[in-house]
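Visitor: I should like to learn how to read a structure of this kind. May we go through it together?

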Amino acid sequence: MSGPESTTAPDTRAGITCAPLAVDVIELAARRERTQVLKALAARRGLPLPALGWVAAARSTLVLAARPERWLVLSAPAPPGVALSSWRSACAACAAAIELSSALSALHLAGPAVRDVLARGCRLDLHPAAFVPGSTAATSMAQVPVVLSMLPAGWLLLTPSSTARHFREWLTATATPFGFVSAAGVTVASLSGESTQ
Amino acid sequence: MLRIPCPWCGVRDESEFRYRGDATRLRPSAEAGIDAFTAYVYQRDNPCDWHSEWWLHVAGCRRLLRVVRHTLTHEIRSVEPAADALAAERAR
Amino acid sequence: MNVPHRRTRAPIRNRPTRYSIWRLLREGLRSQRGWSRAWAKASPRPRYRVVIVGGGGHGLSTAFHLAAEHGITDVAVLERGPIGLGNVGRNTTIIRSNYFHPHNIRFYELSLQLWERLERELNFNAMVSQRGTLNLFHTEAQRDLFTRRANQMRLLGVDAEALGPAELRRLVPLADLDNGRYPVLGGFLQRRGGTVRHDAVAWGYARAACAAGVDIIEHCEVTGLGLAHGRVNGVQTVRGFIEADIVCFAVAGHSSLLANMAGLQLPIESHVLQAFVSEPVKPLLDVVLTYGAGHFYISQSDKGGLVFGGAIDGYNTYAQRGSLPMAEEVAAAAVTLMPALARLRVLRQWGGVMDMTMDGSPIISKTPVAGLILNGGWCYGGFKAIPAGGLATAHLIACGTPHPAAAHLDLARFAEGRTVDERGIGPFPYLH
Amino acid sequence: MAGVPGKLRFSLGSRRSPIGASAISRGALAGPARISSGALTDPSRPFRFRFDGRELAGLAGDTLASALLANGVRQVGRSFKYHRPRGIVTAGPEEPCALVDVIGSSGREPNWIATTLPLQQGLVAESQNRWPTLRFDLRAVADRLGRFLPAGFYYKTFMTPGWAWERLYEPIIRRAAGLGRLAAVVPVHADPAETVHEHADVLIVGAGTCGLAAAHRLGAAGLRVILVDQDVAAGGGTLLDARWSSWRKSVCAALPQWPALRCLTRTTLLGAYGHGVFGALETLTPQESARFGGLRERLHVIRARQVLLASGALERLIAFPGNDMPGVMLAGAGLSYLKRYGVAVGRRPALFLNNDEAYEAVFALAAAGVQCAGVIDPRPDSRAAARARTLGVAVHGGAMVGAVHGRREVETVTIIEPDGRRRFVLEADALLISGGYTPASALATQLGATLAWDESLAAFIPDAAVAAGRIAGGARGVFGLAAAARDGDAAACAIAAELGRAADGASCPEPPPDAEASPLRALWEVRARGKAFVDLQNDVTADDIRLAAQEGYEQLEHMKRYTTFGMATDQGRLGGLVGCAVLASARGVPLPEVGLLRARPFAQPIPFAALAGPEVREHYRPRRRLPLHEWHESAGATFVTTGLWLRPLVYARESGWSPVLDEARAVRKCAGLTDVSTLGKIDVQGSDAARFLDLIYANTFSTLAVGRARYGIMLREDGMLLDDGTTSRLAPEHFLITTTTANSTAVLEHLEFHLQSTCAALDVLLTDVTDQWAQFALAGPRSREVVGPLVHGLELSNEAFPFMAATEGLIAGVPGRLFRISFSGELAYEIAVPAAQALTVWSALLEAGTRFDLRPYGLDALNTLRIEKGHLTTAELNGNTTADDLGLQRLLKKQGDFIGRTLAQRAGLNAAERLQLVGVRPTDRSERLRNGSQLVAREAPDVSLGYLTSATPSVEFEGWVGLALLSGGRQRLGQRLLACSPIHKETVELQILGSHMLDPENARVRS
């Protein structure tokens, strides 16, 4: 599978490699007692909605279930509004589709030191036995909300765009002692190559 | 430091939650009158004992939880989604 | 406003050793043999005119003022354990009268005036130190609020002044006024504010009250309330039933628990407020400093330790212990405001249980139960209010009418919509 | 509490000389008192360092204390109150006396503990609390006057005259008090700091034999274990006993095979915080520190399912006259300096011991060829005493030390009978003492363990088991390295079982046996003339405690606070129990009745920097930046911090009103564009959305037509205003709420709370979309012409798109939203587009506006405009104002429930004298207004009638205008009052106007 190590120049000294991820984000929020309907609909569109706390990947799309009855659908950037309108019309009856592409900024982390670095801000237990590949969780780090996902191809972090710079500064400062390498952008496709869960 | 077992997110530090106070006080009906609303808004049992309280998991699922916690030992006896808690309340 | 004129003093019983430099010298030469007990260990008598539950600052101050102002000495102060180990012995020792609400300014100013003459009144040096309390502000909005507050204080004849960066640099050289995140735009100073040696307040009032004939009864926990046709007639204690015409609760932190004995529910939640002290160092901070961009206030004790605190932990508790997240938060504010503290060490953290009211202001009031008086709901303003709180409570007990300076602190204000909400936070005690 | 079990009991069998002593010639060793290379010091790496200006030699591996002792430096400080000379008393973090200033690159740092401070090349240290010098301290006069300065003397004097305390007495006291000095400067750079979040199945505190055995057991069971020890190496007591070295080596070699087990040395557990959370402070080695950019300590926040306290016990002192003289030291410390650093603490040391365990110091000294002056033991005889005699050491049984003499350090020791009669005087240059051992039970009590008095050990012993944890080894009075190891292993098995793991893995090698020992004889104080100290740092003597009891401060907590006993940086670790015993005898009650001092966190003083973590100073709070932050920057904006946001205040670098008023004037004259993206935006969808908003808002939203916006107000349940803003209906079941910037978080939580509690059955979805949408206000008479060309296929005429219209559509080709709402009071539009497209649309608007002299305006101009119009911000929505106060009564819906409805009807919220919103202007137009001024009537200048909330120079009117909250304000229109600001010595006469000074008929916004 193609992780950032292959998409970017591999750096043997790098404890942690960080790359921005250009992505469209739509949040699907199931209407009251319409969750099953939404799941069926999504399945028909070839997009299985994962259980809470898990990531699903299909058709170069990632789906994160970090909040109950809500899913973040990550796909490659399209012209403004396109991703939304397709969902809006489709699921009007059973869910709200909300555009969050501008609200969230995505970072991809990889390398042997990722856990060490995250442990300096993240209160969750990220031990391989406790937070296995395919896990996702909403929490907070460096005083800002974070949706943290672990993929076979590394870690995916979503943070609010208004504090993205603050978070990036915190990450850089924290990761530097471990060998921090800033890499070129990765694509959703490269992360969703392998289905999890 | 509290560690609250969120039914949706698992055990999380207290810093992820926003406290919303006594969960035994339920909003009276519109016609209940000033005394009923005064009691609802202002009067508290404030026990040194088991305490039923609201916590909003703002950094996680953003769900409202009813936590039953001892105010002296801080031991947590139960945590449930607000909806379930209120349903049970009404059943009683 | 002035402190009410002193009435005829009560007959002084069991007078303790008078404290003075001469007495120190004399005792020094006779190996301290002559010092008597600061307060007598009384055992409960079967009945008193007034029983005060709670041997903390407010209970002891109330007892003292009953005797000193109103000549009422048939009084017992009941304390569950040893006196003075509740919030009067757990606070950050700050006194001030800089409030928004005119009634609050009057009340706390009365207290400040009583502090100013406390030592001579009690013949006990509580080290009232008017080194000034300084509030910093970081935004225009804060400046406007402080301006409004300071102007209100000045209208009422209370001292308050605005300071610019230059004066701040002189006054608190350690403060990083140009901090990149929340630069300090200025500050407001109340020079008459300051600190007091907290333990000494309890001991001093206990000694003076005892000297005036009040019984101070330690290790006498109250387990129940004597009620007859809607009126109190005494208290049940672990040392038997004690009759009383009037019972006064002064047990802030635990007011709700005693009120429950009277079948009352109060507009109060109990929360823990942490305090901290650093290792002692040579003088480096000469005022009481309050940060404006986070919950943090700090002063340096005469012993050299920096005494500081922050906000309440924010959930109901009766556990007198602090938590780690709040300690981290407070330290972050400390280092941000005074970066030089980074290499100083924090010695201890502890917690005190606060009566947090629904509007953040205290309660000195009659209750629906006749003969039952409540002094409580002090939030974290209790220590500075001890002299006036005791004076006003004693007045309410003795005269049956609220003291003019504390009339706004009645219980009925919640039902009637007269809440005294200094910061406009609303009925959310955990946010005050 | 590393190595503590080792302080308890040492093999009686060891005849071997200290490690490597024979191999090394004395000359090669740094310092005359160093007789061998210790277990930790490296003779091949000599260091130079300075103490009080003296250049001295030490070795790598030394602590400052061991290096000073090696150089024969005995006196290292002055005591807190009496300024008596003080020396080194311990070899660990419990040290009460040897505190020094360290002068480093980052300035002077006070109160470093010499007994744990690792020696480094070029270290510069200074003694504390003396003036002018350590040897000659003028303040030592306090010692001469000691009899006049008993415990609590300051409560009894300095009371008159009233002014004298602050100006005379207190400054003297303050200067005399305090220990070290802190460099009083503002450092340029923040100290690096980091907080690491840890998770484990089991946390083991202490890596002595007890902790190591347990770690071995639990590691083998495959559990996630964190083992912390404050010493530089694991091993505890085994580091002082050659017989144990092979056991230690094999266990320490085994642990790394289990990847789930981590051992943190140099790490002190700070406290237990409940729910399995612990704080621990790790001190970094120089190498690690270099790697982490100078980081010195690391705070670990450990979450553990189970905890094992194996923190051992602490040797305690004996109170006797002169027990504070330099040269008097704990026996375990003397042993530690000899074994770990090869330093003999005296050429001819005497020892004063009441237990067999402490005799290990005697044997070790003898084995190292140091001649002991003699052992004084209150017990007539004991196994250890007998053995000491066989080594040719004189043991004086049934005797005690009555006094210590010497000019600056120990020279002679007076030996007395139990009844106090003088026996003889012993020449000695050091005195090693041991009064027995106290289990380190601080953490145990924080975990809720109860303590029981054990007469045979003369100590309080905690329960073996507490909630989610166990206590083992010396920490619960199981003394002896082997016994502690077995106890630790047993506790580990119990914990493994608790966690559902089989503990049948390989157990650690069989430990060497503990030797038989005679029981100790409790000895707290030797009563004789002179100061006998129980708290060495705070200078509290046994007599002080007796005086406290005499004066009625007989409860332990009272005595502690009155005498300051146990309140020093060492928290009374050495003398805590001794003081309690003295108090007990003074009161004539058994010791258990007095109890034990409550040990609060932190177990070891922690630097502010380490506790604060990295989010300080610049990074104290995150900065929220606008999507167009860089554009505003390049346009020369001055930014202001509002909450977490950075917002353009004015597009000019210089301060002053003129650029602000130019911006505001542009809006009134033609058009202006401002960035209002900070407004909170909440997406509300669902079939019950309208119902929900009707409950949340005081006014009605179910009647709002699709494509329309409405100004709404929310109340708190207590009837006060919570927030205001415009909310639009984008579709029958889709609303968009805007909140004020300040309240966006609070409002969202308010909505979520009620949606999940008071109306949990509703079909409503709330989503915070604040960061998704950039939002711009385009305001001014020409704004229609500016935006018109950019919204293709959208008719903007007043008829087609009237005031309060809202729609979705393409704006400059970007799918967005257009609202016709106005905060400025002019014809205005608000344009919302996805933040990522903000620049496209903003530029397009500016481009389109060039013909109309469109210019960006900042927060100040926005404020000027809204004040003229009488619109509200948090200055008026201050949490104490009602709808009626602010003239919004008409908005409250007549029927139907809403939050705050009932309590808003309370008398107090409708009293005639309440403060009501009014507009104000100075009667003399040339005078300025000031926010926060108090409003008073000329005839009653000290009675506040209200205050000024917002004021600004006007662009619409001559001079200044303002908004005020005024008692009965709406009845006072036209009146003249004074606005006074005593702190500025200003008084301005005002005329009272309606709050909507500009265009009260709303003609402009509808134009």
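**Reading an interface, a confidence score and a chain**

Guide: Let us begin with an interface in this predicted model. Chain A and chain B bury about 880 Å² between them, and carbon and sulfur atoms give 50% of that area.

Visitor: Where in chain A is confidence lowest, and where is it highest?

Guide: The general idea is that where pLDDT is low, the predicted coordinates should not be read in detail. In chain A, helix 1 (residues 4-7) has the lowest mean, 33, whereas strand 8 (residues 136-141) has the highest, 98. Residues 1-12 of chain A have a pLDDT below 50, and this stretch has 18 contacts in the model beyond near neighbours in sequence. The average for chain A is 90, with 91% of the residues scoring at least 70.

Visitor: How many helices and strands has chain D?

Guide: Chain D has 25 helices and 49 strands. Its C-alpha atoms fill a box of roughly 115 × 75 × 55 Å along the principal axes. Of the 1007 residues in chain D, 66% are buried.

Visitor: What share of the contacts in chain D with a separation of 6 or more joins residues 24 or more positions apart?

Guide: Such residues account for 67% of those contacts in chain D.

Notes: Residues numbered from 1 in each chain as written. Chains lettered and ligands numbered in written order. Predicted model: local features only at pLDDT ≥ 70, side-chain atom pairs only at ≥ 80, totals over all residues. Heavy atoms only, no water. Helix = DSSP H or I, 4+ residues; strand = E, 2+ residues; numbered from the N terminus. Buried < 20%, exposed > 50% of the residue type's maximum accessible area, 1.4 Å probe, protein only. Contact = heavy atoms within 4.5 Å. pLDDT = per-residue confidence, 0-100. Buried area = accessible area lost by both parts, 1.4 Å probe.
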